[in-house]
Amino acid sequence: MSTTATLLRGPRGGVLALETIGAWLLALLWILPLVYAFWTAFHPSEFSTRFVLSAPWTLDNFVKAWHAAPFARYFVNTVALVTMILAAQLVLVTLAAYAFARFDFPGRGVLFALVLVQLMVMPDVLIVENYRTMTFLGLKDTLLAIGLPYMASAFGIFLLRQTFKTVPHELDEAARVEGCGPLATLWKVYVPLARPTYIAYALVSISYHWNNFLWPLIITNSPESRPVTVGLQVFSATDQGIDWSIITAATLLSVAPLLVAFLLFQRQFVQSFMRAGIR
Amino acid sequence: MMQTRTWITAWLLLLPAMALLALFTHYPAIANLFHSFYSTPKGARPVVFIGLDNYRNLVEDPIFWQALRNNLIYAVGTIPLSIALALLMAVWVNGRIAGKGFLRLAYFTPTILPMIAVANIWLFFYTPEYGLIEQVSRSLGFPSHNWLGSQSTALLCVMIVAVWKEAGFFMIFYLAALQSMSPNLAEAAAIEGASRWYYFRRVTFPLLMPVTLFVLVNAVINAFRVVDHIVVMTRGGPDNATELLLYYIYEIGFRFWDSAYAAALTMVLLVLLGLAALAQFAFLERRTHYR
């Protein structure tokens, strides 16, 4: 695509240089909070606002943070939560998307509209009623309660339905001729062809639920069910004597798995978000 | 017979997803309306039908109005700025600028991180006395200022965090669209001798209109949906200066445990989101009309 810029008249050298400087300044501004967090977390607290090259490096803050709160447990919870939600989503979304993409049945339009309602009225907003429901079901303060409202995902159904619609009918028919029932056809023809969509959806879902905060905060009240986002908030809100070095260390700790995964699979992540955006 | 079997298969395929959607999206939305006409159960006092009393309280509640006003300022202040920045970022990263890979990474990283975690870092930036902003402004000779602690700047501070968090996310959608744009257009424009700015204004920007509208709808939803940074940074304070609608619902519902009044407040939020949905629907109609 660099041809686009070269073909058109300009930018003259000066303008391009200015734009480059602007782009880099903005980028530096954008990662400044992270760089700063790194500095504070890896140095003794007396250097948390003094930027001298001779400042000694240390891992103390991480050790202290790790021992000050049950972060190991929080991580286990988050991983279990994210895995549970994603597994349920993949099954439910696949079945529903298949029905909407390839079946003709009474009520299809109405049901699809009912699915799309969730794109606007998200579980994030229905906290009061969902809390009531969870209390009624006796699920309060469990991982299942955090995950349940998100398992039937309208976004996923919509995304996958679009993909399934592009599968050629001939493949579908060939599978039927071979004697495959609807579920076997779905599994052997549709699911393999939709792989890129699945990866895109999975990455978006994982980062969404790893980061989700308000609903887990409301529905949990013990370390046994808290995900890492809530754990971090409980940790930094309870009086730590405002030791910022430890709080930033805990902050980095809690984002580390996602950040490392993102840096390793950057291209994959960006492309997934792109794919998920073009519906 | 054959047809009936197809129908039943389709319905069975839909059953699990529809059941969960009904339980956690449709039912709560309707139950919320229902509960907003009743009183909150307190101790031995039973729930009674009180008609529009919750809504009457709402109209007379100055904090509600302030939350609504704050939320509108928040939306109007963050949405255009983050969309403009997103577009600028996308054009830069799509062009022939040096270090594209790094730039894209830097712009996008805030999107991946939990709002709750980055809000902690920003909180430190804004801290009086030893926060980074204080240090810089003091070295430049400005008087000390409590950024999050004063009513005049607190909302601005949380808005900056929101723009920082969202611009990179929206950039991705613009970038995807720019990359799928035909190079023929640029060639034709080059033959006509069009300048880069002219090309952007007359060709690129109009072609990006569907993306802009998609991003806009998402931005509006997020402006009413994300309050994690409020929980960390200000708790709606000082003196309700950063009270946003959903955060107010959270406070009423889960700190004062007035679920009936919270239900009435939620209805306002649902109506606002419904209006956003209608706007998107109207736009989709128009777009299909074009095709």
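Predicted model: local features only at pLDDT ≥ 70, side-chain atom pairs only at ≥ 80, totals over all residues.
Among contacts in chain A between residues at least 6 apart in sequence, 76% join residues at least 24 apart.

Chain A holds 15 helices and 0 strands. Its radius of gyration is 24 Å, well over the 19 Å that the globule rule gives for 279 residues, so chain A is more spread out than a compact globule. Taken along the principal axes, the box filled by the C-alpha atoms of chain A is roughly 75 × 65 × 35 Å. Of the 279 residues in chain A, 46% count as buried.

Helix packing within chain A can be followed through one pair. Two packed helices are described by the angle between their axes and the distance between the axes. Helix α5 (residues 108–120) of chain A and helix α8 (residues 154–165) of chain A have axes that come within 8 Å and cross at roughly 120 degrees. That angle makes α5(A) oblique to α8(A), because angles from 65 to 115 degrees count as roughly perpendicular and only those over 145 as roughly antiparallel. On the α5(A) side the residues involved are A:Val115, A:Leu116, A:Gln118 and A:Leu119, and they meet A:Ala154, A:Phe155 and A:Ile157 in α8(A). Sorted by class, this contact of α5(A) with α8(A) has 6 nonpolar residues, 1 polar residue and no charged residues.

A:Thr166 sits in the loop between α8 and α9 (169–177) of chain A. With 10 other C-beta atoms within 10 Å, A:Thr166 is exposed, because a residue counts as exposed when there are 12 or fewer. The C-alpha atom of A:Thr166 is separated by 9.5 Å from that of A:Ala194, a residue 28 places away along the chain.

The next topic is the contact between the two chains. In total, 79 residues of chain A are in contact with 85 residues of chain B. Helix α2 (residues 13–41) of chain A supplies 10 residues, the largest share of the side of chain A that touches chain B. By class, that side of chain A has 55 nonpolar, 20 polar and 4 charged residues.

A helix of chain A that meets chain B is α13. In helix α13 (residues 228–237) of chain A, 8 of the 10 residues are buried, so this helix is largely enclosed by the rest of the structure. The buried residues of α13(A) include A:Val228, A:Val230, A:Gly231 and A:Phe235. The axis of α13(A) comes within 9 Å of the axis of helix α5 (residues 115–126) of chain B, and the two cross at roughly 30 degrees. The helices α13(A) and α5(B) are therefore roughly parallel to each other. A:Thr229, A:Leu232, A:Gln233 and A:Ser236 of α13(A) make the contact with B:Ile116, B:Ala117 and B:Asn120 of α5(B). Its class count is 3 nonpolar, 4 polar and no charged residues.

Finally, the largest nonpolar core has 161 residues. Those with the most contacts inside this core are A:Ala96, B:Ala86, B:Ala90, B:Met171, B:Tyr174 and B:Ile249. Helix α7 (residues 154–179) of chain B gives the most to the core, with 16 residues. Leaving aside neighbours within four places in sequence, B:Ala90 is in contact with B:Met171, B:Tyr174, B:Leu175 and B:Leu178.

Technical notes
Residues numbered from 1 in each chain as written. Chains lettered and ligands numbered in written order. Axes fitted to C-alpha atoms, helices over the stretch in contact; angles between N-to-C directions. Helix = DSSP H or I, 4+ residues; strand = E, 2+ residues; numbered from the N terminus. Parallel < 35°, antiparallel > 145°, perpendicular 65-115°, else oblique. Contact = placed C-beta atoms within 7 Å. Nonpolar A, V, L, I, M, F, W, Y, C, P; charged D, E, K, R; others polar. Buried ≥ 20, exposed ≤ 12 C-beta atoms within 10 Å, placed from the backbone. Rg over C-alpha atoms; globule rule 2.2 N^0.38 Å. Core = buried A, V, L, I, M, F, W, Y, C linked by C-beta atoms within 7 Å.
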